[in-house]
Amino acid sequence: EGWKSQKLLARICHNCLSRQTTPVVLRRLTTTTAIAPIPPKPKNTLFEDFRHEIYQPSLNTTDTSLYNPHVRKTIHRRESRKRLMQWYKQLKRQSPALLAQLTQDDLDQFIERFASTHHPDDPSAQTSLLQALHILDDLKRGDLFLQATFRVQDAERMIYYASMLQLPKRAENVLTEIVIEKKQTISMAAYEAVIDLLVRQKRLKRVNFWLDHLAQQQLAPSRRIVRTMVLHKLEQGQMDEAVAYLKQHHPGQDLTQLVARYDDYELVVQALGVFGKDAMDQWQLNSVRSIYLIRRQLKIGSLQFLRNLINKALYTYQIRTAESVLKDTLSVQDIAGAQLCSQRIIQWYLTNKNIKQAVQVWEWMDKAGIPLFQGIFKSLVEHAAKMKYHVDTMRLYTRYKELYPHMQPDMAIYVLRCMVRAKQWDRAQQLAMEVESTLPTLNPPLAKMAVRTLFGLCAQTGRVDWFERVFRTSESMQLSLTHEGLTSLTACYLERGDVTAAKAAFHQVAAHTDGPDVVDFNLLMRAVVMEDKKVDHDKIYEILSHMKSVDVTPDETTLRTMLGFYKDGSEMQKNLFSKLLKSSQARSDQVFLNNIALTSYLKRHDIQETVRVLCKNDRGALFESERGQPILRNGLTYQILLDATHESRYSHLAERLIKDMDVRGMKPPQVIYEKLIESLAKKRKLAKIRKYMAKMETDIGIRPDVSLYTKIIDNLILRDAPHLAKEKIENHRIQ
C-alpha cells in the first residue's frame, strides 16, 4: 500500500541505504533471459494494464522452469519492471492526461516496485533505483501527477536513492532545498545518508558544513554519524582524533559506558565491536567491511567477526558483497580469514551448482598463494567432475595432487569418469592407468564405479587388451560385473570394426548371464548394420520382435541407437526424434538429442548458419514442436561446432562460440585454443593472438609451448608478415 508514515519511511530507507556497496553503473536494464518486446496497446487499455501491473504483476511470459526459485523471482520482478517502465514512458509521451489520474497511493506503490530490492549491491538493482529516482523527479516537477503532491517523505526517498547511487550533488541539492530553502524538518536518516556518502567520497568540507548545520539546529550527531566519522578517522590513521570525537559524541548508553570505563586503545576496540554489531543488524555490510579492515590494521582478532560477516552476506543473498569481503582478506594477507571466506563462498556456489564462480574463487586464492581447505578443495573437484566441467576438473585435480599428493583414490575415479563422459579420451587413458593400479585396494562400491568407468573407456576406444586386464581384476575381486563386462567387450569389438568378435561376445552374454538386456540388443543392431553396410529393416524388426519375446522392452537407448541408421532429415529420423522428445525427461537426455540434431543440421547447412541457430537459442530450429524453448547444451555441443571452424575464414565463429562458452561457465580444451590461434596467425591478427594466448593460460593453466609459437611464426612468414613474426620471436624470448 506504499509508505504509511514518515517515521516508517525513515526506518525502512535507513536500513536499505546501509546496504550500498558499489558505485552505480548506468546501463540498460538486463535480464537473466530474453524478454519479448511489448506490443503497443490502445491508450485506455494501456493505462488500465499499467495500473493493474503496479499492484498485481502479471504472469511471466518467459519460461523459467529451468531456474531455481530465487532466480525465477528475480526474472519475474525484472520483467514486471520492464513492462511498467515501457508503459510509463509510452503514457508520458502519448497521453499524460491519463497519468494525472494516478493517486498518491498509486504513485507510492509504483515507486516501491522499483525501490524494493534485497540486492542493492547488484548493478541491475541500482538501475531500478535510478528509475525510481526519475519517477520522483517527475513527481517533484509537479505538472504530471495532478492528484499527488511532492511530500517531505518523497524528498527523503530522493536523498536516500541518490546516496545509494552515489550521486552526492543530487542528494545535497534536495536536502538543501528542504532544510535550508524551505526550512522544513527532515529525518536524521537523510542527514546520515548524505554525510556517509560525502565521507566515502572524501568531501570533508561538505561534511563539516552539514555537521555545523546540525549543530546550529541544536541536533546532536546520531549514532550512525558518529560511527561514520570515527571509522573515517581510524582509516586515516588518526587514532587520537577518533578517540576525541568518540568521547565528545557517544549516543547510547552502551557507548557512554565504554567511554567511562576504558582507556583510549581499549575504547576503540570495544567501540568497533559495538559499531560492527549495529551495522550488521542494519544490513550495512560495507561499514562492517570497513570495520574488519580497521581491526586488521590495529591487529585485533577478527576471525569470528569475519565469520558473522560472510554468513550475513551469503544468507541475505548479497553475493557480491561476500566476494568483496574475500578480496579484502586477500588484500591484507589474512590467510585464516581468506580460507574461511573462500570455504563459505565455494560451498554456497556448489549448493547452487555454479561451478564457474566457484572455480573463480579458487583462482583468486591460488593467485594469492593461499591454499583452500583440503575438504572444500576436494568437494570442488568432485562437483566439477560430476557436472562434466572437464577443463576445470583437470586443472583443479592437477593442482590438488601437487598440494596433497597422498590423496584418497576416489578423487581420481571421479575425474576419470568426468573425462570419459566428456569424451576426452587422451586425458582419460592417462588417468585410467593410475586408477587401474589402485583397483585391488578399493572397497567394493568404489571398485565397481572404477571398473564400470574403465569398461566404458575401453568400449569407446576399442582397447581390448586393456579390457581383458580390467575384466580379470573385476572377476578376481568378485564384483558381480560379468554381464556389464561382456556388454562392454561387445561394444569394444564394434569400435574396432570386428563384427564377428562382437557377435561372439554377444553370445557369451547369453551363455554366462541371465540373458541379454536392452543395451546388448542395441549393440546387436549396430553389429547387423555394420555387417550388412546398410539398414536391413527386416533384420531390425526381427531383433525387436525377439526382444519382445524374451520380455526385454526397447527404451530411449534403443531409439538413440536407431537414429544413427537413417539419413539426416529422413522421415524415419524425424519420427524417432519425435518419440525421444516425448519420452526423454532428464536434462542430459535433452542435451544428447540436441547434439545429435545439431550434428545433423550441420551436415545440411553451413557452419555459419548452425552457429547462428545455437546462439539464437531457439530449439524450434532443430525440432519444430519446440518453438520458443532454449537449446540445452554441454561442452560437447560446442566441441561439435568448434571442430567445424578449423579453417581460418571461420575464426570469427570460433571466437563467438568461445565467448558463449565463457558466459555459461564452460571452457574449451587446449586443442581448440591452439587451432584458433593458428587460424588468427593466418589472418595476421597479432593482437587477438596475444589475447587468446593469455586467455588459454588463464582458463586452462597452460602456457603456449614452442610448438605453438613455431606454428604462429610459420604462418606469419607465409602471409608476408616477417615483421610480425620477428615481434613474436622477441616476445617468446622475453617469456
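This is a predicted model: local features need pLDDT of at least 70, side-chain atom pairs count only at pLDDT 80 or more; totals for chains, interfaces and linings use all residues.
Visitor: How many helices and strands are in the protein chain?
Guide: The protein chain has 39 helices and 0 strands (DSSP runs, H or I of at least four residues and E of at least two, numbered from the N terminus).
Visitor: How do helix 20 and helix 21 pack?
Guide: Helix 20 (residues 374-386) and helix 21 (residues 390-403) pack at about 150 degrees, their axes 9 Å apart. Axes are lines fitted to C-alpha atoms over the stretch in contact, with angles from 0 to 180 degrees between N-to-C directions. Helix 20 is therefore roughly antiparallel to helix 21 (over 145 degrees).
Visitor: Which residues of helix 20 and helix 21 make the contact?
Guide: Among them are Phe377, Leu380 and Val381 of helix 20 and Leu396, Tyr397 and Tyr400 of helix 21, where contact means heavy atoms within 4.5 Å.
Visitor: Changing topic, how many disulfides does the structure hold?
Guide: The structure holds 0 disulfides (pairs of cysteine sulfur atoms within 2.5 Å).
Visitor: Is cysteine 341 buried or exposed?
Guide: Cysteine 341 counts as buried, at 0% relative accessibility; buried means under 20% relative accessible area, with a 1.4 Å probe and protein chains only. Cysteine 418 is also buried, at 1%.

Notes. Residues are numbered from 1 along each chain as its sequence is written. Side-chain values use heavy atoms; hydrogens and water are left out. Angles under 35 degrees count as roughly parallel, over 145 as roughly antiparallel, 65 to 115 as roughly perpendicular and the rest as oblique. Buried means under 20% relative accessible area, exposed over 50%, partly exposed in between (1.4 Å probe, protein chains only).
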